[in-house]
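Please keep the sequence and the structure in view while reading.

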Amino acid sequence: MAARVTQAEVEEIVEIDSSISITPFITVATLIVDEELVGQGLSDARLKEIERYLAAHFYCVRDPRVTSESAGVSASYEGSAGQNLSRTRYGQQAIILDTTGILASMNDAQTRRAFINTMRISTT
């Protein structure tokens with residue numbers, strides 16, 4: 001399981017805090033690409049881009065980006081409401097790049113699971 005992307009390549013699409021190692025996020029992205037997408041008819045170039053956007057997604061879940069701010073009083077953060085891929089622009093891009101639909105299916109399953117867990121909490 002060799003990573004297709006480097007930290008520098010991930011940094012081309014997302015600003016990385018130099019005190020945080022990106023290696024664990026690349027490792028998880030590589031694992032998902034290797035186990036879910038390799039052998040599904042996607043080119044090596046497409047797999048590399050998916051891996052890059054997944055690494056950025058997982059990094060942003062750890063270190064959320066500000067998406068909106070109101071006069072310094074309140075702010076919204078990307079990725080702060082959950083870990084499914086649709087929570088960050090990078091996860092959304094990975095889903096778009098994956099023409100097999102596998103990442104979209106994984107994302108839908110995570111969304112359904114989160115909704116069911118929320119429903120259980122609210123009914124007790």
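The expected span of a helix is taken here as 1.5 Å times one less than its number of residues. In this predicted model, helix α2 covers residues 23-37, and its 15 residues reach 20 Å from the first C-alpha to the last, close to the 21 Å expected at 1.5 Å a residue.

**Helix α2 and its buried face**

- The residues of α2 that count as buried are Phe25, Ile26, Ala29, Thr30, Ile32, Val33 and Leu37.
- When α2 is viewed down its axis, these buried residues fall within an arc of 165 degrees, so they line one face of the helix.
- Just after α2, the backbone at Gly39 takes a positive phi of about 85 degrees.

- Phe25 lies in helix α2 whereas Tyr59 lies in helix α3, so the pair ties together parts of the chain that are 34 residues apart in sequence.
- Both partners fall under the 20% limit for a buried residue: Phe25 has a relative accessible area of 14%, and Tyr59 has one of 0%.

**The largest nonpolar core**

- The largest nonpolar core has 29 residues, and those with the most contacts inside it are Val10, Val14, Leu37, Ile50, Leu54, Tyr59 and Leu103.
- The elements that give two or more residues to this core are α2, α3 (44-62), α4 (89-97) and α5 (102-123), and of these α3 gives the most, with nine residues.

**The chain as a whole**

- The protein chain contains five helices and two strands, which follow one another along the sequence in the pattern α-α-α-β-β-α-α.
- Of the 124 residues of the protein chain, 35% count as buried, and the chain exposes about 7300 Å², of which carbon and sulfur atoms supply 50%.
- Among contacts between residues at least 6 apart in sequence, 61% join residues that are at least 24 apart.

Notes
Residues numbered from 1 in each chain as written. Predicted model: local features only at pLDDT ≥ 70, side-chain atom pairs only at ≥ 80, totals over all residues. Heavy atoms only, no water. Helix = DSSP H or I, 4+ residues; strand = E, 2+ residues; numbered from the N terminus. Buried < 20%, exposed > 50% of the residue type's maximum accessible area, 1.4 Å probe, protein only. Arc of directions from axis to C-beta. Core = buried A, V, L, I, M, F, W, Y, C linked by side-chain atoms within 4.5 Å. Contact = heavy atoms within 4.5 Å. Areas by Shrake-Rupley, 256 points an atom, 1.4 Å probe, with all protein chains shown as cover.
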